[in-house]
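Subject: Structure handover

Hello,

Please find the structure below. My notes on the strands and the core follow it.

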Amino acid sequence: FTFIYSARSGTPAAVMEDPVSREEKGVWFDELLSVQDEISHQNNKALIGKTYELLIDEYLKERDVLIGKTSGGLSVEVKGDKSLLGSFKTAEITDYTNTLKGVLI
């Protein structure tokens with residue numbers, strides 16, 4: 001997780017002068033998140049074509065899709081019947097925009 005530092009009362013840092021304005025910290029924070037988003041995007045795009053075992057643990061009724069988790073905690077959206085909830089299934093990653101998408105194999 002990424003966050004902008006804030007002083008915690010009772011700590012030595014809480015009484016130290018902060019030489020960086022909140023506005024400048026915000027600019028740095030936004031830049032950091034932008035770089036991290038690009039890195040994540042590249043890493044996720046590299047997963048296309050690979051297969052993973054998923055624990056199917058969620059059904060999204062509004063999109064009629066299942067969500068499965070890899071052993072590394074990545075979420076993958078797949079089509080399938082909600083009776084698969086709680087089971088392990090193998091899926092191939094087929095796409096990534098803002099969400100990893102796959103097909104059960």
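In this predicted model, five strands form a closed barrel in the order β1-β2-β3-β5-β4, with mixed pairing. The twist from one strand to the next averages 55°, the axes being lines fitted to C-alpha atoms and the angles running from 0 to 180 degrees between N-to-C directions. Strands are DSSP runs of E, at least two residues, numbered from the N terminus; two of them pair if DSSP finds at least two bridges between them.

Residues are numbered from 1 along each chain as its sequence is written, and side-chain values use heavy atoms, with hydrogens and water left out. Local features need pLDDT of at least 70 and side-chain atom pairs count only at pLDDT 80 or more, while totals for chains, interfaces and linings use all residues.

β1 pairs with β2 (residues 65-69) in the antiparallel sense over five bridges. Leu55 stands opposite Lys69, and Glu58 opposite Ile67. Four residues separate the two strands of this hairpin, and Asp64 in the turn has a positive phi of about 55°. β1 also pairs with β4, antiparallel over five bridges; there Thr51 has Glu92 as its bridge partner.

The largest nonpolar core has eleven residues, among them Leu54, Val76, Val78 and Ala91. Such a core is a set of buried (under 20% relative accessible area, 1.4 Å probe, protein chains only) Ala, Val, Leu, Ile, Met, Phe, Trp, Tyr and Cys residues joined through side-chain atoms within 4.5 Å. β1 (51-60), β3 (75-78) and β4 (88-96) each give two or more residues to this core, and β4 gives the largest share, three residues. Beyond four places in sequence, Leu54 touches (heavy atoms within 4.5 Å) residues including Val76, Val78 and Ala91.

Regards

Technical notes. Buried means under 20% relative accessible area, exposed over 50%, partly exposed in between (1.4 Å probe, protein chains only).
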